Amino acid sequence: MAASAKGDFFDSSRAAVQDHELQRKLESASTRHLDHFAIVKEEFPSYEDEKTAAHRIKTDAIAHLDELLIQLTDKLQDSGCKVFFAEDAAEARKYIVDLVKSKGAQHVVKGKSMTTEEIELNPALAAAGIDPVETDLGEYIVQLRGEGPSHIITPAIHLSKEDIGQLFTDKFGTEYTAEPEKLTAEARERLRAIFLAADFGITGVNFAIAETGTLVVVENEGNGRLSSSMPETFVAVMGIEKVIPRLEDLSHFLEILARTATGQKLTTYTSFITGPRREGELDGPAEMHVVILDNGRSAMLADPVLREALNCIRCGACLNVCPIYRRIGGHAYKSVYPGPIGSIVSPNLFGSAAGYLPFASTLCGACKDICPVKIDIPRILLHLRWKETEGEHPLKWPAALERARSGARRFAGIARHPRTARLLGKIAAQMLKPFAHNGYLRWMPPPFGNWTKYRNFPRPHPQKRRPAPAENQAP
Amino acid sequence: MAEAHKILATIKTALEAGGQPDGHNHAAAPAPARKVAVTAGAERAELATSLARELEAVGGKFVGILSPDEVSNRIVLLAREIGATTVAIGEGVSIDMEEIGAALERADFKIVKTVPVADVERAAMRDRVANAELGIAEAEYGIASTGTLAVISTGTRPSSLTLLPTASLIIVQIDRVMADLAAVLASLGPTRLAEHRMTLITGPSRTADIEKRIVLGVHGPKALHLIVVWPRDE
Ligand code: SF4
């Protein structure tokens, strides 16, 4: 399922919050990632400049998307590629499944690609009797478990090395080990044989350069290189937003992508693929196809606030800093794209089933701060909340805003008189006391009930005195 | 391609509906100026040292900065050190790979030479490259700031050389080492980029998919060795 219903999300997130082992794994992985990021950022004084440049280039590219896609298509065709524009997931799936069938391909290998997860390609291939093999180690692991990825960069982030060791023993009958080195060696050997026999390869695309028709694929393992160069037929799947104008634009993105995604200066392998192999060459496909996917993206383009989300380069950093993601993990979101950016794109790519996701945020802003292309994620989430509730309630945004403002004004009025504020605080704490349980308010009487519907508030403590603000200080 | 026109038309309409992105000055501001490294004398050695240091930081192994006469012997030594029996080797960019291949053969290593292949010979050639314990290739460029090597794949220098063998040795001329990625992309230019497959290689193949712990050699080479060579006339 690309995205499923709201009730599921509340159930799954409630369950995930109780899963302390999951939180331990997420905390450890996220912390490790952020530590690496802090180091590489420190060592790279131009990081902020590169971010600004990347933001500017991407915003510009998105504003000229139609022209760039025409240019890209021309160049791809010049270099010998076949280009297919898919309006939605179903069209993209059908094109690829038909192609695999028409080639009579037996062994389909896949490099890591969130876009193919988005279009649910694997189940479609399986339904046609073809078993594609995910070759990114993390994807391979989750595929063996019959799951989807729980993070856009680290698909198996929710699993411990012991989980994976057990999985390998169960699936391959090999001796149990939880050593990452040994598990990796086992996967290498199995997948290498599959690569050498593969006749059909599929990968995603990180950037497509319009001026040359070059596809850029970024990875660490080498499975993207293998998937795109060993098989006779190769299909690259990209969203319409992946195009950038010029080769010279690329360095700005590459300089920031690896730093934020994995804390590396550059990923181990960056492949530049322009067309199928030339005569006499050993590497590259005989036939290369590029599937360019819309699937709801052009609708995002038409919304001036949402459009900014198409700048995303899928670095995954906003997941790692998100307090919600770190508590519940990727699977609880019930969408292929989890975390802050997932909460924005999912409702737009997968429809109203994921409309609840923009509410799964505290709007703390950590995502905005880390985003390498400076996407104002909280702002877009608020915008989506407004759009989502607009249909449901007569309450319109300006009215809601006015109510919030007047509330804030009243609060400010009271807060200016410390003694009154303390007194009111004490009264409120007393009144709320009967509703508290284990230090938390889980239920409140109307009209406050909406606050506690999906949130628990710490119980206010009457004896806890806030320090009185120093009065009459210059602001 | 009827679909393409339809989707492009949708995109165009969407762009018009969305208007100019707010808070964005549309006049294409020039990209921040990039200095292209002037590589002369001591600065070259400095760039090469930085390349070596950065590559080692990501698990690569720096063999040394060698004169052209030393290269063959050092490679024979390296092949022995890693216990290779078969070595895959292609054509150089500017280095004489024939000489290196001959030296390896004299030292009793089996050599797989990558030559242009017809479609039917592909699988066989690939298996032979994959069975080599060491693949030798020359990079077009080195990138000092990130420890990266840019290899361009051709009929005689396939990308497989740096991908399939258990270990990889990449050689780069010292005057091809540039300060950063932008300088390399600028020097390469769009026309040449579009002619062949290019790969930027920064260290041996690696993964961090199991509890974010770094393991080298998941699909590609488990080890990456680097030799920097002085030009013949210096
Ligand atoms: S929104 Fe920003 S931080 Fe999140 S994945 Fe996209 S580029 Fe990365």
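Buried means under 20% relative accessible area, exposed over 50%, and partly exposed in between (1.4 Å probe, protein chains only). The model is predicted: local features need pLDDT of at least 70, side-chain atom pairs count only at pLDDT 80 or more, and totals for chains, interfaces and linings use all residues. Residues are numbered from 1 along each chain as its sequence is written, chains are lettered from A and ligands numbered from 1 in the order in which they are written, and side-chain values use heavy atoms, with hydrogens and water left out.

**Exercise 1. Describe the nonpolar surface patch and find the helix that gives the most to it.**

Step 1. Set the rule. Patch residues have over 30% relative accessible area and no salt bridge; like charges are joined within 9 Å, nonpolar side chains (Val, Leu, Ile, Met, Phe, Trp, Tyr) within 5 Å. Areas come from the Shrake-Rupley method with a 1.4 Å probe; for residues, only the protein chains shown count as cover.

Step 2. List the members. Ile414(A), Leu423(A), Leu424(A), Ile427(A) and Met431(A) make a patch of about 470 Å².

Step 3. Assign the helix. Helix α20, residues 418–432 of chain A, gives the most, with 4 residues.

Step 4. Check one member. Leu424(A) sits in helix α20 of chain A. Its relative accessible area is 39%, so Leu424(A) is partly exposed.

**Exercise 2. Characterise the shell around the ligand.**

Step 1. Collect residues with a heavy atom within 4 Å of the ligand. The shell holds Cys312(A), Ile313(A), Arg314(A), Cys315(A), Gly316(A), Cys318(A), Ile341(A), Cys371(A), Pro372(A), Val373(A), Ile375(A) and Ile377(A).

Step 2. Sort them. Ala, Val, Leu, Ile, Met, Phe, Trp, Tyr, Cys and Pro count as nonpolar, Asp, Glu, Lys and Arg as charged, and the others, Gly among them, as polar. The shell divides into 10 nonpolar, 1 polar and 1 charged.

Step 3. Cys312(A) is buried at 8% relative accessible area. Cys315(A) is also buried, at 7%.

Step 4. Count disulfides (cysteine sulfur atoms within 2.5 Å). The total over all chains is 0.

**Exercise 3. Work through the salt bridges.**

Step 1. Side chains of opposite charge can pair when their charged atoms come close. The whole structure has 31 salt bridges over all chains.

Step 2. Start in chain A. Asp163(A) pairs with Lys25(A), at 3.1 Å from N to O. Asp163(A) lies in helix α9 (residues 161–172) and Lys25(A) in helix α2 (residues 20–42), so the pair ties together parts 138 residues apart in sequence. Asp163(A) is partly exposed at 26%, whereas Lys25(A) is buried at 12%.

Step 3. Move to chain B. Glu81(B) and Arg74(B) form a salt bridge, with their closest N and O atoms 3.6 Å apart. Glu81(B) is exposed at 53%; Arg74(B) is partly exposed at 23%.

Step 4. Arg213(B) is partly exposed at 32%, while Glu211(B) is buried at 14%.

Step 5. Look for shared partners. Glu118(A), Glu241(A), Arg297(A) and Arg314(A) are joined into one network.

Notes. Salt bridge = Lys/Arg side-chain N within 4 Å of Asp/Glu carboxyl O. Helix = DSSP H or I, 4+ residues; strand = E, 2+ residues; numbered from the N terminus.
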